[in-house]
There are 2 protein chains.
Amino acid sequence: MKVKEIAMGAGVNPDTVRFYTREGLLKPTRNPDNNYQQYDAEDLRRLRFARKARQLGFSLPEIRQILEQAEDHHSPCPMVRDVFQQRLAEVEREIAELQQLRNRMTAALSAWQEMPDGTPDGHTICQLIEHWDEAVPETGNKE
Amino acid sequence: MKVKEIAMGAGVNPDTVRFYTREGLLKPTRNPDNNYQQYDAEDLRRLRFARKARQLGFSLPEIRQILEQAEDHHSPCPMVRDVFQQRLAEVEREIAELQQLRNRMTAALSAWQEMPDGTPDGHTICQLIEHWDEAVPETGNKE
DNA sequence: CTTTGACCTGTGAGTAGCTCACAGGTTTTA
DNA sequence: TAAAACCTGTGAGCTACTCACAGGTCAAAG
């Protein structure tokens with residue numbers, strides 16, 4: 001399979017295939033005639049796997065790790081379960097944060113119904129936002 | 001105020017202050033003696049405003065726009081309301097997406113209870129993920 | 001047989017919003 | 001007076017792609 005073919009097979013952009021190849025997730029051989037990359041069915045499996053894992057929130061380094069373990073015939077599944085659970089917790093945190101944000105946004109929107117537009121006067125930029133009550137805990141950077 | 005001072009006043013990294021200054025959100029004057037940036041109370045207001053707006057999901061270009069309009073004594077508030085409502089819709093979409101994801105993750109986790117770890121055999125990398133049923137619609141890249 | 005268009009190649013830059021590193025100048029403190 | 005702590009601008013790094021570029025290759029049409 002050439003780049004475009006495997007890309008279509010997995011429903012991704014050919015550039016993504018090239019990118020994953022650069023990143024070592026895919027290891028095609030070369031056609032000695034023309035130096036084209038040659039992907040096989042195994043690569044397609046890996047690519048599809050990688051895409052699914054991405055949807056689940058795995059990072060490329062994590063996916064590469066899983067793939068490498070699979071290559072060595074070590075089962076990566078326990079590790080997958082592990083990362084997966086962490087990821088689930090993260091997702092739940094994100095949801096909670098977004099819900100909080102949404103609540104405060106809708107509250108703000110209805111509060112704003114009664115606020116004048118208020119042309120800025122040197123003390124105020126936009127009351128709508130300045131009177132937003134923050135207390136948003138953390139932007140939730142990983143870690 | 002010097003960089004570190006205004007940064008502490010707004011609870012941000014001094015580098016963020018420098019970055020916002022580069023980006024034109026903050027417009028300090030210069031101390032002619034030492035060429036240090038000099039921020040005033042107005043800058044602090046702008047910085048705090050910018051941070052609140054960031055928490056609400058406004059992009060830096062949007063914030064710059066608002067700030068510029070405020071400078072020109074045009075009321076940015078109607079624009080703010082507009083972007084804000086769009087942002088709210090976006091947040092709700094994100095929540096829905098994440099909830100879907102979470103549901104499928106918890107479902108998968110419980111299904112995995114019964115699945116063997118399955119050392120990779122050349123056909124399979126990790127059943128846990130390979131048997132994940134995708135149908136995740138879109139990663140929801142903005143327009 | 002040649003041209004045209006579609007593909008292939010690798011590399012480098014762009015995206016957003018910071019954060020950090022670097023090298024050198026200034027100010028404060030001990 | 002010397003060290004520590006700050007300041008300066010610039011440039012790179014982070015994620016996971018995506019796109020642009022310049023040049024090589026190949027299949028089919030004329």
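Predicted model: local features only at pLDDT ≥ 70, side-chain atom pairs only at ≥ 80, totals over all residues.
Two packed helices are described by the angle between their axes and the distance between the axes. In chain B, helix α1 (residues 3-10) packs against helix α2 (residues 14-22) at an angle of about 105°, and the axes lie 8 Å apart. Because angles from 65 to 115 degrees count as roughly perpendicular, α1(B) and α2(B) are therefore roughly perpendicular to each other. On the α1(B) side, the contact is formed by Val3(B), Lys4(B), Ile6(B) and Ala7(B); on the α2(B) side, Pro14(B), Thr16(B), Val17(B) and Arg18(B) meet them. Sorted by class, this contact has five nonpolar residues, one polar residue and two charged residues.

The description now turns to the DNA. DNA strand C is surrounded by 17 residues, of which Lys2(A), Lys4(A), Gln37(A), Asn34(B) and Ser59(B) are the closest. Two or more residues of this surface are given by each of α1 (3-10) and α2 (14-22) of chain A, and also by α2 of chain B. The largest share, three residues, comes from α2(B). The surface near DNA strand C has five nonpolar, six polar and six charged residues.

Around DNA strand D there are 17 residues, and those that come nearest are Asn13(A), Asn34(A), Lys2(B), Lys4(B) and Gln37(B). Here the elements giving two or more residues are α2 of chain A and, from chain B, α1 and α2. With three residues, α2(A) gives the most to the surface near DNA strand D. By class, the residues of this surface divide into five nonpolar, six polar and six charged.

Notes:
Residues numbered from 1 in each chain as written. Chains lettered and ligands numbered in written order. Axes fitted to C-alpha atoms, helices over the stretch in contact; angles between N-to-C directions. Helix = DSSP H or I, 4+ residues; strand = E, 2+ residues; numbered from the N terminus. Parallel < 35°, antiparallel > 145°, perpendicular 65-115°, else oblique. Contact = placed C-beta atoms within 7 Å. Nonpolar A, V, L, I, M, F, W, Y, C, P; charged D, E, K, R; others polar. Near = placed C-beta within 6 Å.
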